[in-house]
Amino acid sequence: MHPTRRHFLQSSLILTASAMLPLKMSASKPKPLLSFSTLGCPDWDFKQITDFAAAHDYQGIELRGIKRQLDLLQCEEFKTPENRKATLRMMKDKGLKFVDLGSSTNLHFPEGAERTKNLDEAKRFIDLAQEIECPFIRVFPNDFPKGQEKNATMDLMAGSLLTLAQYAEGGNVSVLIESHGDLVHAYDLEKVLKAAEHKHAGMIWDVVNMWSITKEPPPDVYSRLKKYIRHTHIKDAKVSGTDVQYVFMGKGDVPIFEAIDLLAKGGYQGYYSFEWEKLWHPELPAPELALTDYSVAMRQHFGG
């Protein structure tokens, strides 16, 4: 074969292979980061929680209590600096990360003892999160009390969130309000978050909490709140009026996968955190069934 022809054919093969490579790579979806809330396994100890996560393709754990103790600093794993270091070491040894600490803090209270108590709790969670390398804590916005004007309540929510974000300055922790309670309409959430604009403040998009009440289409919600979404609570449910029955992924009425696709296509880099509310709804199927189903369903949806 003439050298110039051989060189031409080899060059053509290389160019053809190079042209095909990006097509093959772009055909696969990115692997999602999965976590689950310990709300879904309220009777498991910490070793059970971490062993299960590591064995079922989870990368993170969201702490909402351990063994039904919701005040994390009362849990043996976090009571002392030595225990906190050992707990973090266990997580790293199993290839896991803490992704969020779920406090019970409510932001709607006016000035007074109740407001101080709630903000103090959140500050303790911020300090703990910083120590165990957890990027977020969750707070509730939360209610619109009767006899308290709605806009005034939203101002209180925004002010509380900003106060906590400022407390977190200088560290690696951000404070996130969950779409929860009475603050579930996209417009209201945006108003509060705009008023509390801060690099250490953001939100958790709980799709079911919003959609089950507002029926706002996920694209509308996402376009309005995208810039604030730092973490998610993922679940599915059958919704009838005010009745919400949690079910396995893809078995409910909620456009949950539509929301997930919006996040993925929009460049969301955070965790898709499964919130199976077993602690509040003991009639739900066992955690080992639900948590396994979620991991499988999400991998299938993302093509992995």
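Residues are numbered from 1 along each chain as its sequence is written, and side-chain values use heavy atoms, with hydrogens and water left out. Because the model is predicted, local features need pLDDT of at least 70 and side-chain atom pairs count only at pLDDT 80 or more, whereas totals for chains, interfaces and linings use all residues.

A search of the whole structure found zero disulfides, a disulfide being a pair of cysteine sulfur atoms within 2.5 Å. Cysteine 75 is in no disulfide, and the nearest cysteine sulfur, that of cysteine 41, is 12 Å away. The sulfur of cysteine 134 lies 14 Å from the closest cysteine sulfur, in cysteine 75, which is too far for a bond. Cysteine 75 is buried, at 3% relative accessibility, and cysteine 134 is buried at 2% (buried means under 20% relative accessible area, exposed over 50%, and partly exposed in between, with a 1.4 Å probe and protein chains only).

Most residues other than glycine have a negative phi, and most peptide bonds are trans. The peptide bond from proline 141 to asparagine 142, however, is cis, with omega near 25°. Asparagine 142 is placed in the loop between strand 4 (136–140) and helix 5 (150–167); helices (H or I, at least four residues) and strands (E, at least two) are DSSP runs, numbered from the N terminus.

Positive phi values occur at lysine 67, near 55°, and at glutamate 133, near 60°. Lysine 67 is in the loop between strand 2 (60–63) and helix 3 (81–93). Glutamate 133 lies in the loop between helix 4 (113–131) and strand 4, and is partly exposed at 48% relative accessibility.
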